[in-house]
Amino acid sequence: MEKKLNILVVGSILMDHLATTEVFPREGQTVMGKKFNRAPGGKGANQAVQCARLGANVTMVGKVGNDAYGKELLQVCKDAGMNTEHIITDPVSPTGCSFIVVEERGGQAVNRIIVLPGANAEFRPEEVDFLKDTIDQYDMVILQLEIPMAVNERVAEYAAAKGVPVMLNPAPSTPLSDEFISHLTYISPNEHEAADLAGIDIPHDGSQLDMERVRAAAAKLRSRGVNNVLITLGDAGAALDDGDHLRFSPCAEGINAVDPTAAGDSFVGSFCVGLGSGLDVEAALRFANQIAAVTVCRIGAMPALPTLAEAEDFWKKSLGLPQK
Ligand SMILES: Nc1ncnc2c1ncn2[C@@H]1O[C@H](COP(=O)(O)OP(=O)(O)O)[C@@H](O)[C@H]1O
Ligand SMILES: [Mg+2]
């Protein structure tokens with residue numbers, strides 16, 4: 001039997017609170033919203049769940065509080081088939097929460113997010129020391145920036161020392177040390193994070209994109225010591241610069257996007273599973289665009305992340321093919 005892909009995700013676990021509205025409130029204004037959803041999320045847990053739903057073996061390392069949200073989130077991770085033995089319950093700090101406001105405008109949806117990290121902020125570097133001698137059992141490590149930087153830096157150092165590829169999704173936007181960047185194999189900012197990290201704006205109106213600016217931002221990040229720069233561009237798709245080529249892959253078309261929450265998490269998780277399963281870079285980009293498109297057609301973070309079978313059904317339906 002073929003060996004299953006082993007992925008390690010070290011990162012945040014949050015309970016999302018999501019309000020949908022036709023218009024964002026201005027300063028001092030109250031607006032009547034359309035719907036409320038509470039759902040499990042956090043960039044780390046989302047990316048881990050996306051990988052697991054696509055069939056990978058996933059170990060999640062993170063921290064929740066000793067409360068009802070923490071218990072619920074732990075159970076969701078278990079239900080997704082993940083190894084949760086390294087999810088720590090902090091005795092003092094509450095489980096992290098996020099508040100997301102989604103504005104639905106015509107066929108478009110945009111969001112604004114506040115994260116209260118709670119237990120995620122209490123994660124200490126020494127709590128990942130067990131990885132020093134065990135990290136080589138993983139095919140890939142995925143990190144984000146919703147936990148203390150020192151934890152991420154330590155994990156990346158251990159992985160690089162053992163030659164395990166590291167993907168960093170640098171979100172939310174935070175300055176990164178050159179040493180940390182030098183331990184990464186892939187970095188996957190969205191267009192806003194790329195602009196913050198590289199100092200080069202990448203404005204785009206749908207698929208109208210200035211590829212020279214994408215190229216320049218990717219080159220700037222590559223010059224800091226990471227070989228592969230993957231910039232996700234929302235409804236314009238994604239571009240990957242591996243030093244030899246800049247490959248652009250448009251997002252999937254003909255869908256009805258209702259909530260962009262976790263689009264990037266879905267993309268990063270599926271790109272890693274695609275690559276780790278043997279797809280070449282171009283096919284992995286296409287795969288990730290197809291999976292992330294399904295995610296933006298469903299509400300919430302974790303509940304929106306599709307399994308392979310759900311994605312297959314979604315695309316069969318949208319192409320008018322018979323489903324299972
Ligand atoms: N409106 C959309 N239609 C189709 N795919 C989308 C849409 N918005 C996002 N995606 C997919 O999700 C990926 C990640 O979205 P992006 O907005 O760049 O990430 P983030 O959530 O980090 O801001 C895109 O590269 C694309 O594949
Ligand atoms: Mg975006």
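**Overall fold, sheet and ligand shell**

The model is predicted: local features need pLDDT of at least 70, side-chain atom pairs count only at pLDDT 80 or more, and totals for chains, interfaces and linings use all residues. Residues are numbered from 1 along each chain as its sequence is written, while chains are lettered from A and ligands numbered from 1 in the order in which they are written.

The C-alpha trace spans about 50 × 50 × 45 Å along its principal axes. Of the 324 residues, 48% count as buried (20 or more other C-beta atoms within 10 Å of the residue's own, C-beta atoms being placed from the backbone). Among contacts (C-beta atoms within 7 Å) between residues at least 6 apart in sequence, 67% join residues at least 24 apart. The protein contains nine helices and 15 strands, taken as DSSP runs (H or I, at least four residues; E, at least two) and numbered from the N terminus.

Helix α1 (residues 43–53) is largely enclosed by the rest of the structure, because eleven of its eleven residues are buried. Its buried residues pack against β1 (6–10), β3 (35–41), β4 (57–65), α2 (68–79), β8 (140–143) and α7. Just after α1, Gly55 adopts a positive phi of about 105°.

Nine strands form an open sheet with mixed pairing, in the order β5-β4-β1-β8-β9-β10-β13-β14-β15; two strands pair if DSSP finds at least two bridges between them. At the edges, β5 (87–90) and β15 (246–249) each pair on one side only. Strand β14 (residues 238–241) and β15 are antiparallel over four bridges, with Ala238 opposite Ser249 in β15. Helix α6 (residues 211–222) packs on the sheet, touching β10 (186–187), β13 (228–232), β14 and β15, and its direction makes about 140° with that of β13. Helix α8 lies across β14 and β15 and runs at about 30° to β15. Axes are lines fitted to C-alpha atoms, for helices over the stretch in contact, and angles run from 0 to 180 degrees between N-to-C directions.

Around ligand 1 there are 20 residues, of which Thr232, Gly234, Ala263, Gly264 and Ala292 come nearest (a residue is near if its C-beta atom lies within 6 Å). Helices α7 (263–276) and α8 (281–296) each supply at least two residues of this shell, and α8 gives the most, with four. The shell divides into 13 nonpolar, six polar and one charged residue; Ala, Val, Leu, Ile, Met, Phe, Trp, Tyr, Cys and Pro count as nonpolar, Asp, Glu, Lys and Arg as charged, and the others, Gly among them, as polar.

How values were computed: A residue is buried if 20 or more other C-beta atoms lie within 10 Å of its own, exposed if 12 or fewer, and partly exposed in between; C-beta atoms are placed from the backbone. Two residues are in contact if their C-beta atoms, placed from the backbone, lie within 7 Å.
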